[in-house]
Amino acid sequence: MTNSHQVLIVGGGTAGLTVASQLVTRDDAPEVAVIEPADTHYYQPLWTLIGGGVFPKEESARPMAEVMPKGVTWIQDAAASFDPDNNTVTTAGGDTYGYDYLVMAAGLQINWDALPGLAESVGQPGTGVVSNYSYETCETTWDAIQQFPKGGTALFTEPTMGVKCGGAPQKIMYLTDEALRRRGVRDGSRIAFMKAKGALFSSKPYEETLYKVVERKDIEVNLMTELTEIHPDQKEAVFRNLETEEETTIGYDLLHVVPPMGPLDFIADSPLADEEGWVDVDAETLQHTRYPNVFGLGDNSSLPTSKTGAAIRKQAPVLVDHLMAQIHHTTPVNGTYNGYTSCPLVTGYGKLVMAEFDYDKEPDESFPFDQTQERYSMYALKAYGLPRMYWNGMLKGRM
């Protein structure tokens with residue numbers, strides 16, 4: 001073993017850096033190290049608006065060295081395997097690190113190759129295949145919207161499995177509709193949402209509003225319909241109805257794809273994983289169900305809630321509280337996590353429904369007004385307020 005740390009955090013994304021900041025800014029701060037290979041940190045919630053032409057993609061990126069909390073040891077390497085019985089993590093570079101407490105915040109894996117035709121076509125000129133789910137491709141969505149022909153077909157997909165930001169697949173659809181209307185090419189064109197799940201949105205009060213939005217915008221909704229293959233040379237997409245097994249091939253001019261996602265292989269293959277490959281943590285305390293000195297949050301965790309930065313904002317203080325209580329052999333004072341998550345549902349330029357709900361999909365709202373309604377104030381919060389709160393608040397351990 002080459003090194004050992006009191007608290008070792010795997011992952012320098014939103015979850016990892018938020019927890020690290022909250023730990024090292026305490027009066028009783030423990031010694032903290034973060035394992036993270038990337039040079040750049042991304043504010044991914046902005047990628048929807050980048051795809052909609054509101055911001056350049058550079059707005060979402062900052063050097064990792066600038067956002068790594070002061071006082072944290074940055075191990076610029078990738079975690080590769082775990083030995084929780086001996087409290088060690090081994091990296092891709094071959095080093096082994098010990099820990100007293102481990103925080104798993106490594107995110108998830110986007111499986112571009114799992115869908116035939118996707119990896120070689122997404123973001124490539126002339127294919128019409130785009131996705132807001134990567135820094136490299138999010139701006140190509142706006143390019144495709146600008147090139148969309150009058151009378152064309154735009155398809156937006158959402159797969160069966162849970163994905164980052166469950167509302168993102170339809171936010172860009174609403175922006176596309178409005179952008180095409182501004183260009184004067186919406187009349188005679190077809191916009192369709194091809195969703196593999198059985199509901200337009202998981203929380204009913206907000207779903208009722210979204211059905212009004214799709215009706216107003218004349219958007220076709222096809223539930224239980226999953227994208228199974230893309231033929232980019234012919235600009236055709238193959239879909240399967242999950243109830244009837246019937247397959248349908250549809251020609252498109254713009255195909256926004258939400259790629260298949262799943263647990264990272266090095267976690268799924270480790271003793272930390274549950275049966276599905278996620279870090280197996282208690283839904284309320286975020287403590288591992290078998291290794292009490294291990295905690296997990298965010299996208300890599302088994303928490304049965306939407307995988308969003310807003311969820312992490314509520315998870316992080318609970319995790320830190322329970323972790324510090326264990327270090328000091330005291331009782332946690334910050335309560336438990338109730339599954340809170342938020343989805344700022346962009347329904348157009350200047351329009352947004354701020355959905356906030358808990359494990360039971362019941363509203364858990366922050367503002368003293370009806371949040372099921374579309375509002376400019378909530379759009380302004382997402383576009384201009386939340387990014388500042390993220391860079392200057394969450395990543396600094398201030399919220």
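Let's begin with a term: rings of Phe, Tyr and Trp (for Trp, its six-membered ring) pair if their centres lie within 6.5 Å, and planes under 30 degrees apart count as stacked, over 60 as edge-to-face and the rest as tilted. By that rule, the structure holds 13 aromatic pairs. Before you click, note that this is a predicted model, where local features need pLDDT of at least 70, side-chain atom pairs count only at pLDDT 80 or more, and totals for chains, interfaces and linings use all residues. Residues are numbered from 1 along each chain as its sequence is written, and side-chain values use heavy atoms, with hydrogens and water left out.

**Stop 1: aromatic rings**

Select F55 and Y384. Their ring centres are 6.1 Å apart and the planes sit at 85 degrees, so this pair is edge-to-face. F55 is in the loop between α2 (47-51) and β4 (61-63), while Y384 is in helix α9 (residues 376-392), so the pair ties together parts 329 residues apart in sequence. (Helices, H or I with at least four residues, and strands, E with at least two, are DSSP runs numbered from the N terminus.)

Is F55 buried or exposed? It counts as buried, at 17% relative accessibility, whereas Y384 is partly exposed at 39%. The cut-offs: buried is under 20% relative accessible area, exposed is over 50%, and partly exposed is in between (1.4 Å probe, protein chains only).

Next, pick F201 and Y206: with centres 6.5 Å apart and planes at 90 degrees, this pair is edge-to-face too. Both residues, F201 and Y206, are buried. Then show Y42, W47 and Y135, which ring pairs link into a cluster.

**Stop 2: charges over rings**

Here NZ of Lys or CZ of Arg must be within 6 Å of the ring centre and within 35 degrees of the ring normal. Select R62 and W391: R62 lies over the face of W391, 4.3 Å from the ring centre. Now try K307, whose charged end is over the ring of W278, 4.1 Å from its centre.

**Stop 3: a helix pair**

Colour α5 (residues 168-183) and α6 (residues 204-217); they pack at an angle of about 30 degrees, with axes 11 Å apart. The axes are lines fitted to C-alpha atoms over the stretch in contact, and angles run from 0 to 180 degrees between N-to-C directions.

**Stop 4: a sheet**

Finish on the open sheet, where 3 strands run in the order β14-β15-β16 with antiparallel pairing. Strands pair if DSSP finds at least two bridges between them. The edge strands, β14 (225-231) and β16 (247-251), each pair on one side only.
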